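Visitor: I am new to this structure and would be grateful for a close look at a single part of it. Please begin with the overall form and then turn to that part.

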Amino acid sequence: TLRNEMSHFCTNLQYYIVYEVLECSWVEFHKELEGLTNLDQLVQAHEKYLRQITEKALLEDRSQPLARQLSGLFEVMLRFRDFAL
């Protein structure tokens, strides 16, 4: 049904953000921490980590067209939910 497809889409998007974006980036950041020798390197590694998750989570400027489309899709889903209740 349409409700199941919408739920499946939301679940997959959540999975992508949590595991493909946050978890993978965190593991990479944690590995990079092992070789650091000073505070400047730590700051650089942390900035790289933040850039990665911002880009992969579709939060940077160049991803805004897709983010707007996702927002519109979520609005339609919420309207459907309200209508179906």
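Guide: In this predicted model, the protein has a radius of gyration of 18 Å, whereas a compact globule of 85 residues would have one near 12 Å. Its C-alpha trace spans about 55 × 25 × 15 Å along the principal axes. The protein contains three helices and zero strands, and the pattern read along the sequence is α-α-α. Of the contacts between residues at least 6 apart in sequence, 57% join residues at least 24 apart.

The surface may be considered next. The protein exposes about 6700 Å², of which carbon and sulfur atoms supply 58%. Buried residues account for 16% of the 85 residues. On this surface, Y15, V18 and Y19 make a nonpolar patch of about 290 Å². One of these residues, Y15, belongs to helix α1, which covers residues 2-33. Y15 counts as partly exposed because its relative accessibility is 44%, a value between the limits of 20% and 50%.

Is S63 buried or exposed? Its relative accessibility is 11%, and therefore S63 counts as buried, the cut-off being under 20%. When its neighbours within four places in sequence are left aside, S63 is in contact with E55 and L58.

How values were computed. Residues are numbered from 1 along each chain as its sequence is written. This is a predicted model: local features need pLDDT of at least 70, side-chain atom pairs count only at pLDDT 80 or more; totals for chains, interfaces and linings use all residues. Side-chain values use heavy atoms; hydrogens and water are left out. Buried means under 20% relative accessible area, exposed over 50%, partly exposed in between (1.4 Å probe, protein chains only). Contact means heavy atoms within 4.5 Å. Patches are made of residues with over 30% relative accessible area and no salt bridge: like charges are joined within 9 Å, nonpolar side chains (Val, Leu, Ile, Met, Phe, Trp, Tyr) within 5 Å. Accessible areas come from the Shrake-Rupley method with a 1.4 Å probe; for residues, only the protein chains shown count as cover. A salt bridge is a side-chain nitrogen of Lys or Arg within 4 Å of a carboxyl oxygen of Asp or Glu. Helices (H or I, at least four residues) and strands (E, at least two) are DSSP runs, numbered from the N terminus. The radius of gyration is taken over C-alpha atoms; the globule rule is 2.2 Å times the number of residues to the power 0.38.
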